[in-house]
Structures are given as C-alpha cells and as structure tokens.
Amino acid sequence: MKIITLLSIAFLLIFNACSGSESEKSTSLKTGKYSYVISDSLGTSLVEGEMSVVNITKQKATGDENDYEVTGSYTITKNTADTSYQGFSTMTGGELKGYYNDKKKFININTNPKIADANVFINAFVKSKNLEGGWHYSTFRGTHNEGGLFKALYLKK
C-alpha cells in the first residue's frame with residue numbers, strides 16, 4: 001500500500017511539473033470585449049465599435065517568452081469617417097489578428113488579416129486593462145499616409 005501511495009505522489013509531482021511548464025502565464029492583455037474609438041490626429045472620432053480578444057497564444061517560434069499571437073473579431077457600430085479617409089474602406093468588421101509582447105505591453109493588430117494590401121494597423125500599449133495608441137493605413141505603394149489615435153476600454157471577459 002505504501003508503494004502505491006509513494007508512486008502516486010511521485011506521478012502527480014512529475015505530471016504537475018511537466019504540465020506547469022506548458023501552461024501559459026497570465027498576460028497584461030486580457031481576453032474579452034473592448035469598446036474602441038479610432039480618431040484622427042486631433043481626437044475627432046472616425047470609427048467606433050466593439051472588439052473581442054478571443055485567444056492569446058504563446059508564440060514559440062520567436063523564442064521570446066513574452067511574445068503572443070492574438071486573435072479575435074471586431075464590429076463597427078458608428079462610422080463617421082468622411083470619404084477622404086481611404087483606410088476605412090477595408091475595415092468592414094470581422095476577424096482581427098495581431099501580436100502582443102507582454103514585457104513591453106505592446107500590441108499590433110491587423111484589422112484585415114486575409115489580405116496583404118490596404119490594411120488598417122493598430123499599435124497600442126496596455127494601460128491597466130485598456131489599450132491606448134494609434135492607427136495607420138498601410139498600402140504597398142505607400143500613396144496614402146493616414147493615421148491617428150486609438151483607444152479601447154475593457155468591458156468584460
């Protein structure tokens with residue numbers, strides 16, 4: 001009986017040690033819903049909506065324990081951008097994908113990851129549970145240099 005108990009304890013210790021190394025630590029970026037505002041450089045609201053950060057997954061390929069891939073989705077609830085802003089023509093809501101570095105507390109989001117050209121990218125820092133930073137419109141030819149401010153308030157998990 002003692003041998004079975006000792007073997008069981010040894011097995012549990014080894015199993016927990018192995019599974020603990022594979023588990024991901026908690027990050028400053030939280031999964032859940034965020035209310036966001038994309039504005040021009042003066043702070044005038046252009047696009048508002050809600051985004052969901054669904055998965056935050058460790059990036060093993062980079063070798064940096066602080067690197068994560070982020071996936072989720074977003075919707076647009078209010079679009080006040082005038083037609084002079086070319087970048088918002090590709091923002092229709094849907095999938096978002098990005099990368100997050102927990103040490104720097106920095107996230108980069110691609111709002112249209114299914115295409116390579118004409119995307120709005122968001123670069124932000126985690127401040128408490130909220131996100132603050134900027135956005136820019138990227139094209140292959142670089143003919144449009146649009147950008148501005150980005151803010152997202154954490155709503156709930």
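**Aromatic pairs.** I searched the whole structure, a predicted model, for aromatic pairs and found four. I counted rings of Phe, Tyr and Trp (its six-membered ring) as paired if their centres lie within 6.5 Å, with planes under 30 degrees apart taken as stacked, over 60 as edge-to-face and the rest as tilted. For tyrosine 34 and tyrosine 154 I noted ring centres 5.2 Å apart and planes at 70 degrees, so this pair is edge-to-face. I then located tyrosine 34 in strand E1 (residues 32-39) and tyrosine 154 in strand E8 (residues 147-156), so the pair ties together parts that are 120 residues apart in sequence. Strands here are DSSP runs (E, at least two residues), numbered from the N terminus. I recorded tyrosine 34 as buried, at a relative accessible area of 0%; buried means under 20% relative accessible area, exposed over 50% and partly exposed in between, with a 1.4 Å probe and protein chains only.

**Conventions.** I number residues from 1 along each chain as its sequence is written, and side-chain values use heavy atoms, with hydrogens and water left out. Local features need pLDDT of at least 70 and side-chain atom pairs count only at pLDDT 80 or more, while totals for chains, interfaces and linings use all residues.

**Barrel.** I traced eight strands that close into a barrel in the order E1-E2-E3-E4-E5-E6-E7-E8, with antiparallel pairing. From one strand to the next, the twist averages 30 degrees; axes are lines fitted to C-alpha atoms, and angles run from 0 to 180 degrees between N-to-C directions. Two strands pair if DSSP finds at least two bridges between them.

**Pairing of E1.** I found eight bridges between the antiparallel E1 and E2, and seven between E1 and E8, also antiparallel. Tyrosine 36 has glycine 49 as its bridge partner in E2 and stands opposite alanine 152 in E8. In the hairpin of E1 and E2, with five residues between the strands, I noted a positive phi near 95 degrees at glycine 43.

**Nonpolar core.** I listed 29 residues in the largest nonpolar core; Leu29, Tyr36, Ile38, Met51, Leu131 and Phe150 touch the most other members. Such a core is a set of buried Ala, Val, Leu, Ile, Met, Phe, Trp, Tyr and Cys residues joined through side-chain atoms within 4.5 Å. E2 gives the most to this core, with five residues. For methionine 51 I looked up contacts (heavy atoms within 4.5 Å); leaving out residues up to four places away in sequence, methionine 51 touches residues including Tyr34, Tyr36, Leu131 and Phe150.

Conventions: Helices (H or I, at least four residues) and strands (E, at least two) are DSSP runs, numbered from the N terminus.
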